[in-house]
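Visitor: I have a model open and would like to talk through a few of its residues. Could you walk me through them?

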Amino acid sequence: MKVALSGILLGICFLTSANAQQNEKKATPVRFEKKQIASESNESVAVFDVNNDGKPDLVSGEFWYKGPEFFDRFYIGEVKRHGEYWDDFATIPMDVNGDGNMDFITGGWFNKSLIWRENPGNNGPWKDHLIDETGNVETARAWDIDNDGFPEIVPNNPNLPFKFYKLERDKSGKATGTFTKIQVAEKQDHGVGFGDVNGDGRGDFIISTGWLEAPKDVLKDKWIAHNDFKLGTASVPILVVDVNGDKKNDIIVGQAHSYGLDWYEQITKAGKIDWIKHVIDPFNSQFHSMEWVDLDNDGKNELVTGKRYRAHNGNDPGEKDLVGLYYFQWNGESFVKQVISHGTYGVGKGIGVYFSTADLHGSGRKDIIVAGKDGLYVFFNQGNN
């Protein structure tokens, strides 16, 4: 009995040691190499192949930067400046006119419009095309609303009608360069997300006052409002993801203009959807944008976010706090914070309103590309081995 017990104890020790080693390996932070690309103060950046050479380029503000070095840059066209802001609050890659060259969609707070900028296929200036006079565009995102395999454009228009724009295509699926507007609700506040909340296979919208349930025909039928929560000055996007692996999508939201980063666990209460709020990071402010992406190649996504530097030009709570870029790992019980960049202006790095993740050099790892009033940077993912 003593021998058997010793053997069991020894086995437990080995298992405990092995599990500890696995957990230690899993918890090893991903290392990043920081590289400044430009000192421009635009707040949006995208990654796509501008010149069709098979290599990803960076597009931000008035310029695109040729990959893989991102040293040579080429003029796109004028972006007007208003005080500290450049009127360019998104960079959504999309071949709008179907000519084989990747264009992009952006919007302006001050010009109150959504536009697309046409890639000329050479190094000449890009032509601007008006999509719609939407009202103030704080930023925008692209999601496949109608499940046809092509994304729609969703502007964030605080205090204005909530709508999205569908790029029309011909019978062959080729983009035509024209958009159709679909209104979802009479008003939206700050923040928007998209994902299947109720598990019916259709994506629903999240706004700061609740979620909008998708009808069977999302282009024609009425969306159903569920005023389940109040998220405040919510991030763009609000993430709709299954955090705890219970097969129900939860919500992750940052406060874009105040302190706080939280997730809302979806539960069933009295046969209806209900939510439990969990705090992720209450100590930092201006979590204006975020991404849900696998940084360490373990098959599980991490939450990437940070502080938007000078979001309201010094007038938000926490504006003078240190700047940071972080990722958060779910450990099965809570989120664990890992610092990518943190410090004073010029040392730490903020996130702007629209950042990107992409494998820039074929490493098999996702890099992080971040614009903002504190410059344009790439954080090259070096792995965690």
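**Contacts and cores**

Guide: Let us begin with Glu 213, which, once residues up to four places away in sequence are set aside, touches Asn 198, Asp 204, Trp 223, Ile 224 and His 226. Please keep in mind that this is a predicted model.

Visitor: Which strand is Glu 213 in?

Guide: Glu 213 belongs to strand E18, which covers residues 210–213.

Visitor: Now Gly 195: buried or exposed?

Guide: Gly 195 counts as buried because its relative accessibility is 10%, and the cut-off for buried is under 20%. Gly 195 sits in strand E16, residues 192–195, and touches Gly 203, Asp 204 and Val 240, leaving out residues up to four places away in sequence.

Visitor: Switching topic, which residues touch the most other members of the largest nonpolar core?

Guide: Those are Ile 105, Ile 153 and Phe 179, in a core of 26 residues. Several strands supply at least two residues each to this core, including E9 (103–108), E10 (113–118) and E15 (175–188). Apart from this core lies another, of 17 residues, with Val 154, Ala 185, Val 192 and Trp 223 among them.

Visitor: What does Ile 105 contact, beyond its neighbours within four places in sequence?

Guide: Its contacts include Ile 92, Met 94, Leu 114, Trp 116, Ile 131, Ile 153 and Phe 179.

Conventions: Residues are numbered from 1 along each chain as its sequence is written. This is a predicted model: local features need pLDDT of at least 70, side-chain atom pairs count only at pLDDT 80 or more; totals for chains, interfaces and linings use all residues. Side-chain values use heavy atoms; hydrogens and water are left out. A nonpolar core is a set of buried Ala, Val, Leu, Ile, Met, Phe, Trp, Tyr and Cys residues joined through side-chain atoms within 4.5 Å. Buried means under 20% relative accessible area, exposed over 50%, partly exposed in between (1.4 Å probe, protein chains only). Helices (H or I, at least four residues) and strands (E, at least two) are DSSP runs, numbered from the N terminus. Contact means heavy atoms within 4.5 Å.
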